[in-house]
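Subject: Predicted two-chain model with two ligands

Hello,

Here is the model for you to look over. My notes follow below it.

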Amino acid sequence: MNLEEYRGVWVFIEQQEGQIIDVGLELLGAGRDLADKLEVDLCGVLLGHNVKDSAKELFAYGADKVYVIDDPVLEKYRTETHMTAVGDLVRKYKPEIFIYGATSNGKDLASAVATEVMTGLTADTTLLDVNVEKRLFEASRPAFGGNIMATILCKKHRPQMATVRPKVMPKPEPDHTRKGEIIEEKISIKEEDLRTKVLEIVRDMNKAVNLEDADVIVAAGKGIKDEKGFAMVKELADVLNATVGASRDLVEAGLCGHDHQVGQTGLTVTPKIYFAIGISGAVQHVVGMQNSEMIIAINNDPEAAIFNAAHYGIVADAFEIVPMLTEEFRKALKGEKAGGVTADV
Amino acid sequence: MNILVCIKQVPDTKIIKVNPKTNTLDRSSAPTILNPYDAHAVEEAVRLRKEHGGKIIVLSMGPPQARLAIRKCIEIGADEGYLISDRRFAGADTLATSYALFKAIEKLKEEEGIELVLCGKHAIDGDTGQTGPGIARRMGIPPLTNVIKVEEVDLDKKLMKVRRKIENGYELIQTSLPCLLTIEKEMNEVSYSPLPNMMRAARYEPIVWTVDDLNDVDIKQLGLKGSPTIVGKMWPPEKSSGAEMIEGSTKEQVEKLLSVTYEKRELFGVKGGEKS
Ligand SMILES: Cc1cc2nc3c(=O)[nH]c(=O)nc-3n(C[C@H](O)[C@H](O)[C@H](O)COP(=O)(O)OP(=O)(O)OC[C@H]3O[C@@H](n4cnc5c(N)ncnc54)[C@H](O)[C@@H]3O)c2cc1C
Ligand SMILES: Nc1ncnc2c1ncn2[C@@H]1O[C@H](COP(=O)(O)O)[C@@H](O)[C@H]1O
């Protein structure tokens, strides 16, 4: 493999039912930085049916070029079609870096493409950089077991690939004056040759838990111990009209569903206020909430790592302070809601 | 329908600790377990065998201790276990892992015929979820990741319908057999093992293969040598300036907290996401 032949930064642009989803735009923002440092083009890859018009939108978010394959066979995501299409593009145009959103389909595709073109792939990264001199992609992620980050390198294979969690990279401000080039390609696969068929897509938009859109999240960890502790936290969340979040250990303890889990293997959230109650602050949790506007941590251990990530920290016993907090907020907000009377705080 | 399940022994990451001085993992501190998603995969295989017959073979790559994880699968109900274990496999990333497992599957396929391959959604140590799709690509069969339900199996037509979890919902997919599924927790509950299974598992010795037992292996694609990705550096995550600590008696702490959130109090009026 002649590494010198590989140039350019690529972003896979995922669409759902024809709509480009945010993660691709976020990655164009992150990819722009990498491409600028390496002095190469930033390219989007957009596959689907009747998606060509949306391709132009991507220039505003930083793409210089967009590779589009528009074909009925690509209407719904399937590993077999998308892997072949992307694999062909990679072999033809040879990008040096290729990033994908770490969504169900993004991860599925990236894994298949990595084997298809025989290269390295780093999963669920949260930090991207590049060593310009060596043109080496530095994709970092929390590594297993604790408070540690690791940079994964792929020295001898191209493209250097990674998946990136949604919402970790900020979505850039669009600049609608930017222009770019659309390159149309074809796919050689025919429907008759395919072995899978998407019969139905069911999206439940009214999920019971909607952590990703919540303005206020009250999250609990193992420190709240049991059902009584969890009920106490839920009560605070109720008073604050907040959504309940959780650490993985709380989910695994069976106190709430996986829908509530924040972190590397749960959701990434960016609320205006995030309460972390009895959460130690392991890196896998912190990567999922560190971009919240205001983080308030309550923990009885003054050394807890969560205090490094928080804006305000309170060393206290959750069982003592949370009920008091609920009561005081209840009183204060009652005045507010009743008629806009300024709360006495 | 013969089913092959790839299973991995992992450190119980809930217990493993990092040495704060050296930033390395203290592996000796962690007991090992069967990767929880793989347990769900074996359980599903047991369920499918009940309906469609056939044999359940589990396959693992790992050090000799991985026998324990295989025994656990026998307990859940697997018929046979194979362990590929050799220093030359060591240090593999997902590309090299999928190659080694694929080579073992090829050999097993010659002996038994395999209609379905199951993997866990991901392994809780590496947490990549890349191995399953890699194996499927190498075998040339469709991968279906994040499966939460097998809706229908038609062995005559060699078709299967499954539900795949996607953002905010699921999709119903029809696939031809053989195929590979990666299994989510929602798939099933891993039930308590019946006593005869436990007794069989306690004495069970998996068949162990080294690289030399596999056919036409390209050594360059195995282990560390066959792994395109390497760990560059490890470091503790950036410490921000740290929190402003709210001190005082609990009562004072509560009062101060109310005042720091005072400016944002309108947020407490409506529940997020339910924008009026
Ligand atoms: C591959 C992988 C992926 C992971 N993904 C995630 C993920 O997505 N999300 C996630 O959250 N974790 C994840 N983890 C787990 C993570 O490493 C931690 O184990 C987990 O976040 C710890 O949860 P916790 O803080 O609730 O529990 P603990 O670490 O047990 O912390 C409990 C905290 O509560 C405090 N406490 C105890 N009693 C009280 C009291 N009375 N009042 C106040 N405080 C009290 C303690 O001081 C302690 O800090 C992952 C791990 C791995 C290996
Ligand atoms: N060493 C291994 N031996 C057997 N199966 C494995 C191994 N590594 C990964 N797998 C399978 O691949 C799945 C995903 O693992 P990973 O890609 O490491 O997240 C696991 O749930 C297993 O089913």
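**Ligand 2**

In this model, an oxygen atom of ligand 2 is 2.9 Å from an N or O atom in the side chain of B:T128. The model is predicted, so to speak of a local feature pLDDT must be at least 70, side-chain atom pairs count only at pLDDT 80 or more, and totals for chains, interfaces and linings use all residues. Residues are numbered from 1 along each chain as its sequence is written, chains are lettered from A and ligands numbered from 1 in the order in which they are written, and side-chain values use heavy atoms, with hydrogens and water left out.

Two further pairs involve an oxygen atom of ligand 2: one is 3.1 Å from an N or O atom in the side chain of B:N35, and one is 3.0 Å from a polar backbone atom of B:Q130. On its own, ligand 2 has 480 Å² of accessible area, and the protein covers 97% of that. (Accessible areas come from the Shrake-Rupley method with a 1.4 Å probe; for residues, only the protein chains shown count as cover.) In chain B, the elements that give two or more residues to the shell around ligand 2 are β6 (56-61), α3 (94-112) and β8 (116-120). Helices (H or I, at least four residues) and strands (E, at least two) are DSSP runs, numbered from the N terminus.

There are 19 residues around ligand 2, and B:C6, B:D38, B:A123, B:G129 and B:T131 come nearest; a residue is near a molecule or strand if one of its heavy atoms lies within 4 Å of it. The shell around ligand 2 has 7 nonpolar, 10 polar and 2 charged residues. Here Ala, Val, Leu, Ile, Met, Phe, Trp, Tyr, Cys and Pro count as nonpolar, Asp, Glu, Lys and Arg as charged, and the others, Gly among them, as polar.

**Ligand 1**

Ligand 1 lies between chains A and B. It is surrounded by 30 residues, and the closest are A:K222, A:S247, A:T265, A:S280 and A:N299. By class, the shell around ligand 1 divides into 7 nonpolar, 16 polar and 7 charged residues.

A nitrogen atom of ligand 1 is 2.8 Å from a backbone N or O atom of A:V262. An oxygen atom of ligand 1 is 3.3 Å from a backbone N or O atom of A:G266, and an oxygen atom of ligand 1 is 2.7 Å from a polar side-chain atom of A:N299. The protein covers 87% of the 990 Å² of accessible area that ligand 1 has on its own. In chain A, α7 (248-252), α8 (283-286) and α10 are the elements that give two or more residues to this shell.

**Between the chains**

Chain A puts 94 residues into the contact and chain B puts in 77, where contact means heavy atoms within 4.5 Å. The two chains bury about 7500 Å² between them, 60% of it on carbon and sulfur atoms. Buried area is the accessible area (1.4 Å probe) that two parts lose on being put together, summed over both.

Chains A and B share 4 salt bridges, a salt bridge being a side-chain nitrogen of Lys or Arg within 4 Å of a carboxyl oxygen of Asp or Glu. A:E252 and B:K185 meet in a salt bridge through their side chains (3.7 Å, N to O). Helix α10 (residues 318-339) of chain A gives the most to the side of chain A that touches chain B, with 10 residues. That side of chain A has 46 nonpolar, 25 polar and 23 charged residues. A polar contact is a pair of N or O atoms within 3.5 Å; within protein, one must be able to donate a hydrogen and the other to accept it, and residues adjacent in sequence count only if both atoms are side-chain atoms.

**Within the chains**

Over all chains, the count is 47 salt bridges. A:E185 forms a salt bridge with A:K92, with the closest N and O atoms 3.0 Å apart. A:E185 is in strand β12 (residues 181-185) of chain A and A:K92 in helix α4 (residues 79-93) of chain A, so the pair ties together parts that are 93 residues apart in sequence.

Most residues other than glycine have a negative phi, and most peptide bonds are trans. The bond from A:R158 to A:P159 is cis, with omega near -5°, and A:P159 is in the loop between β10 (149-154) and β11 (160-164) of chain A. B:L177 and B:P178 are also joined by a cis peptide bond, with omega about 0°. A:E17, a residue other than glycine, has a positive phi near 50°.

Regards
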